[in-house]
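Please have the model open beside you as you read.

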Amino acid sequence: MRFQMNVPNAGQGFPPFALPTEEEESNVTRLLEQALTSAETDIATTRACVARVAALLEREASVARPAAPTRRRVGAGLAPWQARRVAAHVDENLGYSITIDQLATIAGLSSSYFCRAFKDSFGDPPHAYIMRRRVERAQTLMLQTREPLSQIALACGLSDQAHLCNLFRRLVGQSPSQWRRSRWQEA
């Protein structure tokens, strides 16, 4: 049996406090007393008791506070034809500057609405998507050609080799030269 205590005019905006049942309260009390008595002599027992108390309290918190339902906006995202046209434009123009305004015009939307709809459709904001596609193009070029990384960076629309290296390391987890070397050794 669960009791809810709502305190009027106190803690506005806070969820109601859930009181533990008598059985749960006695379990927590017993475990804490056991942890306190064994604190100086048996650290393993103390840790086990505290971990059990934390698990009980965490379980109670999740029961007292149901998970918020995920909300999805109705009609959110780009239409399939818009997504295809935008993705094709990005892929065809990776070597050039691509702006949000250009992409929004292709989709026939305002820039602000386009950014929200794009993220709903592709999972990333437009800039992150473009950067990811540029790194994927750089990976393809690194495997298919022996061009230096500086030339590959420029071919992918990045400002220089340092930009490619920083972006590549952030998205892939290793430097472009390490990635390229490891792939060449596998082949």
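Let us start with Phe 122, which is partly exposed at 24% relative accessibility (buried means under 20% relative accessible area, exposed over 50% and partly exposed in between, using a 1.4 Å probe and protein chains only). This is a predicted model, in which local features need pLDDT of at least 70, side-chain atom pairs count only at pLDDT 80 or more, and totals for chains, interfaces and linings use all residues. Residues are numbered from 1 along each chain as its sequence is written, and side-chain values use heavy atoms, leaving out hydrogens and water.

A pair of aromatic rings is described by the distance of the centres and the angle of the planes. Here, rings of Phe, Tyr and Trp (its six-membered ring) pair if their centres lie within 6.5 Å; planes under 30 degrees apart count as stacked, over 60 as edge-to-face and the rest as tilted. By this rule there are 5 aromatic pairs. In one of them, the ring centres of Phe 118 and Phe 122 are 4.3 Å apart with the planes at 20°, so this pair is stacked. Both residues sit in helix 5 (residues 111-122), and being 4 residues apart they are separated by about one helical turn (helices are DSSP runs of H or I with at least four residues, numbered from the N terminus). Phe 118 counts as buried, with 0% relative accessibility. Phe 118 and Phe 122 also belong to one aromatic cluster with Phe 114 and Tyr 129.

## An edge-to-face pair

How are the rings of Phe 168 and Trp 179 arranged? They form an edge-to-face pair, 5.8 Å centre to centre and with 70° between the planes. Phe 168 and Trp 179 are both buried.

This pair links distant parts of the chain: Phe 168 is in helix 8 (residues 161-172) and Trp 179 is in helix 9 (residues 176-186), 11 residues apart.

Now for the charged side chains. A salt bridge is a side-chain nitrogen of Lys or Arg within 4 Å of a carboxyl oxygen of Asp or Glu, and the whole structure holds 4 of them. One joins Asp 91 to Arg 133, with 2.8 Å between the closest N and O atoms. Asp 91 lies in helix 3 (residues 80-92) and Arg 133 in helix 6 (residues 126-144), so the bridge ties together parts that are 42 residues apart in sequence. Asp 91 is partly exposed at 26% relative accessibility, whereas Arg 133 is buried at 18%.

Glu 136 has two arginine partners to look at. With Arg 133, its closest N and O atoms are 2.3 Å apart; with Arg 132, they are 3.4 Å apart. Within helix 6, Arg 132 and Glu 136 are 4 residues apart, while Glu 136 and Arg 133 are 3 residues apart. Arg 132 is partly exposed at 29%, and Glu 136 is partly exposed at 27%. A network of salt bridges links Asp 91, Asp 124, Arg 132, Arg 133 and Glu 136.

## The buried face of helix 4

Which residues of helix 4 (residues 100-107) are buried? They are Leu 103, Ala 104 and Ala 107. Seen down the helix axis, they fall within an arc of 100°, so they line one face of helix 4 (the arc is that of the directions from the helix axis to the C-beta atoms).

These buried residues pack against helix 3, helix 5 and helix 6, where contact means heavy atoms within 4.5 Å. Helix 4 is followed by Gly 108, which has a positive phi near 75°.

Note on methods: Helix = DSSP H or I, 4+ residues; strand = E, 2+ residues; numbered from the N terminus.
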